[in-house]
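Hi,

Here is the structure I said I would pass on to you. Have a look at it first, then read my notes below.

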Amino acid sequence: MHRIGIVVGAVSLALIVTTPLAASAAPDPGLAPPGTLTEKPAIVQHTADRPLIAVSHRGAAGHAPENTLAGLDAARRLGARTVEIDVQRTRDGELVLLHDITLTRTTDVEKVFPDRASHLVADFTLEEVRRLDAGSWFSPEFAGEPVPTLREALIRLERLDLNLFLEVKQPSLYPGIEEEITAELRRRPAWLKPNRPWEPRRLIVQSFDWESMRLSERMLPSVPHGLLGRVPEGRLDEFGWAEMVNPNHTTIDADYVDLLHEHGFETMPYTINTRAGMDAALRNGVDGFITDYPAAGQRAIRDFLGEESGGTAGQAAAPPFSAPLVPLLDRH
């Protein structure tokens, strides 16, 4: 078996325990139904019931401009089940989808605002960000694609029936962003209800800033949280509140993956854009991986499962959509 599942309690039932929120993170009863924020499943995080998935990175970064609604649409079209996006905050307090802390690489900010000394996301209002073209840098066919807000992305993801890895980028630059993300999710409480144990997780909040994730987990105890980067072996016991450890795929081997599973963590390393890298990660026993090319990732998973079961599981695991294998580039 490539994965070992450990469940607390009966095999088919997850026990629920109530975890009180810290006083500073008391839920607003007007924003979410009672119980959706204070219940933490008492189930060991790693379970063999969940399917292997190829998480579509930054929307579908190999096929469309990253962190855009067009990217989310492309992910769905390519058969992705889960997408990853990055969240930052504008000067006037709006949550937007952007990976870099500056607007330079993925927008035409230097053309639209040639006299601005700073191109930091935090130095622009949402109205100013709305004036930027976030698509032309990728391809002329995406000219005029805007930078979306987190609210717009959540609405589109619901419409597309996609699950979400929400990465909080550089939270130390945006004090209080954890509370603001919490408030946005409470306004759409469907995101706070977990999928069934044999389905991909509905929502993961993750970051390279592990202290930020501890704060977020206290505000959203019903939502699984992930730690990006390789957690040292000797520190794994410190993070029993987290559900995932997602390192760079070049930093792990089968022994480390086994150790994560022994500690109850799932692991989906980033960002794997070659077939050889995907195959190696799957042989190491990961629970999935993050890739710019979701169709290629799903193909690798189907082939891997087919090999494990003698050629039948791959057919059963085929997604509802398919796409041709595209040229792959390594991207970390």
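Leaving out residues up to four places away in sequence, Asn246 touches Phe165, Gln206, Leu227, Leu228, Gly229, Glu266, Thr267, Met268 and Tyr270. Keep in mind that this is a predicted model. Asn246 sits in strand S9, which covers residues 244-246. Is Asn246 buried or exposed? Buried: its relative accessible area is 0%. A polar atom of its side chain lies 2.7 Å from the backbone nitrogen of Met268.

Next, helix H4, residues 150-160. Its buried residues are Leu150, Ala153, Leu154, Arg156, Leu157 and Leu160. Looking down the axis of H4, you'll find them within an arc of 165°, so they line one face of the helix. What do the buried residues of H4 pack against? The partners are helices H1 and H5, plus strands S4, S5 and S6.

Now the largest nonpolar core, which has 76 residues. Leu164 and Leu227 touch the most other members, and helix H9 (residues 294-308) gives the most to this core, with six residues. Another core, of nine residues, lies apart from it, and includes Val55, Phe165, Ile204 and Met244. Back to Leu164: beyond its neighbours within four places in sequence, its contacts include Leu154 and Leu157, both among the buried residues of H4.

Cheers

Notes. Residues are numbered from 1 along each chain as its sequence is written. This is a predicted model: local features need pLDDT of at least 70, side-chain atom pairs count only at pLDDT 80 or more; totals for chains, interfaces and linings use all residues. Side-chain values use heavy atoms; hydrogens and water are left out. Buried means under 20% relative accessible area, exposed over 50%, partly exposed in between (1.4 Å probe, protein chains only). Helices (H or I, at least four residues) and strands (E, at least two) are DSSP runs, numbered from the N terminus. The arc is that of the directions from the helix axis to the C-beta atoms. Contact means heavy atoms within 4.5 Å. A nonpolar core is a set of buried Ala, Val, Leu, Ile, Met, Phe, Trp, Tyr and Cys residues joined through side-chain atoms within 4.5 Å. A polar contact is a pair of N or O atoms within 3.5 Å; within protein, one must be able to donate a hydrogen and the other to accept it, and residues adjacent in sequence count only if both atoms are side-chain atoms.
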